[in-house]
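This briefing covers a few selected places in one protein model.

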Amino acid sequence: MMKRLFYFIMIVAGIVACSDDDSFSTSRNNMLTLPADTLMLDTVFSNTPSSMYAFWVRNGSGDGIRIGSVRLERGNQTGFRVNVDGVYLDNNNGSIAHDFEVRKGDSICVFVELTSRNNGELEPQKISDRLLFALESGVEQGITLCAYSWDAEMVDSLIVEENTILAPVRPYVVRRGIKVNEGKTLTIAAGTKMFFHEDAGIDVFGNLVVDGTAGNEVVMRGDRLDHMFNYLPYDRVSGQWRGLRFFDTSYDNRISFADIHSCKDAIVCDSAAFSDETLRLGIDHSTIHNCDGYGVLAFNSHIAISNTQITNTAADCLAVYGGACSVVYTTLAQFYPFIADRGVALRMSNFYNDVPYPLVSMQCVNCIVTGYAADVLMGERLDDEETPFVYYFANCILRTPDPEATEEEEYPLYDVIYETAEDSINGKQHFANIDEDNLYYDFRLTEGSPAIGSALPVEGFADDRLGNPRSAETPSMGCYEY
C-alpha cells in the first residue's frame, strides 16, 4: 500500500496548480463536478485486492472551492480504500480526510480500490458505499462506489496425493498451480469454475478427468475479472495463465464439455511411450480459445478430439508431432488477432528438431480447418521412407491449396472442399461473428457456409459441441450443427 500511496502522491504532485491569489467562495451555488452518480467497479473475489480505479473531481465554477472533509459514508465496513489528492482516507481512523482546496478550473484525482470480505453466499453479491464531499459552504456531494463481490475457494498450491474431486460449490482461484501426482486422479466436476493466476496451471503426472456436461461446463480461465479498456475485459486477452501439461507418465485423461481460454499453451502432451491401444488424452465437446501459444501440442501421443472448437492461437491451433490423432467434427480456425506471424490451424509432422516422431495415423473427418492465411494446413515430413507419415482427410473444408494440382502422388483426401482466397474472405464467412475490434468471436455456423449439411454421418457422434442433436442424414462440418 505504501508504494501505491507514493505513486499517487507523485502523480498528484505533477499537476500544475493555479495561482495563489484565487478567491474562494462559500456560495452554495458553487459546486464540484463529479464524473457520474455511480462508479461501477468490476466483480472482485472476496479478500482479493481489486485493480485501481481513478476519476477526476473538477471545479468549473468561477471561484475556488474548499472541501472541509471527504469521507466514506460506511467507514471501514465495505472494504473500499480511497486516496484523494494524495491523501489516504485512513480506514482505521474513520475513513475520512480533511481540508482540500480545488481552485477554479482545477481538478483533484481520486483513486479507489476494494478488498471485500467474505459474504457467505454462492453468487456474487452487490456491495456499495458513498464517497461524500462536505464543502465549506455546507453543501454535501457524493458519488456511489459499487462492485460485486464473489466468495471463492483460494488454492495457493495444490498437490493431488490422493484421488480428489473438485466440486462446484464456489469458484476456485488458483494462485500458484496444481500438481497431480503419478497414479492419482483429479476429477473436476461439472459446473466447476477455475480462475488461474498468472503462471499457474495444472501439471498432470497421473490422471485428469474434466467431467463437464451440456449446459453445465467446466470453465478454466484467468483470474482477472476487470477490464483492460472499457470495451475489453481481460478475459478476452490471451496469456492470462499457463494451461494444462500432461507429462510422460500420464495416460487415460479426458476433457469433456470444458471451456479453456485466454491462457498460454492450453494443452501440452509431452512425449511418452506410444500405444495404439491406450488413449493418452480424449477431448470432446470443448472449446480451446485465445491462447498466447498452442491450443493443443502433442508429441508422440495417442489423442482423440471430437466436437471441439480450437481457435485463435499465437502458435498452431493443433500441432501433432508423431503418434496418432483422430479429429472428428471439429473446428480449427486461426484468427489470432494480436500478431501477424501467427501459427497455422493444423500442423502434422513426423519429426521435431530433426528427431523422428513416427506419425502412425492422423485422421481428420468432418472438420473445418480455416483462418486468415492462404494456407493454414501444414504437413511436414522427413525426407526418408522409414519414418511413417500416415494421414487421412474426409469431408472437410481445408484452407490449403489443392494438392492434386501439383500432379504428384495420390493423396488420401476424400470429398474435401478446398478453400481459397477467391472463394472467401479469410474463411470468416463460415461463422456467426468475427469481431476483431472488440475481440469477440462466435464460431457457430452462419447461413451460406458450405459446411452446413455437408458432413458424413458418423456413428457415435449424435450431438454437437453444445450437446445439440446433429442431423442423422445431413450433418454439418465442424463442431457446431447449424
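Strand β28 (residues 309-313) and β30 run parallel and are joined by three bridges. The model is predicted.

- L332 has V369 as its bridge partner in β35.
- Within β30 (residues 331-334), T331 and A333 point one way, while L332 and Q334 point the other way.
- All four of these β30 residues are buried.

**Residue Q141**
- Q141 sits in strand β10, which covers residues 140-150.
- Q141 has a relative accessible area of 9%, so it counts as buried, for which the cut-off is under 20%.
- The Q141 side chain reaches the backbone nitrogen of L32 at 2.8 Å.
- Apart from neighbours within four places in sequence, Q141 is in contact with M31, L32, L34, L131, L132, F133 and L135.

**Residue P450**
- P450 is found in the segment after β42 (440-445).
- With a relative accessible area of 35%, P450 is partly exposed, because this value lies between the cut-offs of 20% and 50%.
- Setting aside neighbours within four places in sequence, P450 is in contact with I397, I417, Q429 and H430.
- P450 and H430 are 20 residues apart in sequence, and their C-alpha atoms are 7.7 Å apart in space.

Terms used
Residues numbered from 1 in each chain as written. Predicted model: local features only at pLDDT ≥ 70, side-chain atom pairs only at ≥ 80, totals over all residues. Heavy atoms only, no water. Helix = DSSP H or I, 4+ residues; strand = E, 2+ residues; numbered from the N terminus. Buried < 20%, exposed > 50% of the residue type's maximum accessible area, 1.4 Å probe, protein only. Contact = heavy atoms within 4.5 Å. Polar contact = N/O pair within 3.5 Å; in protein donor to acceptor, adjacent residues only side chain to side chain. Pairing = 2+ DSSP bridges.
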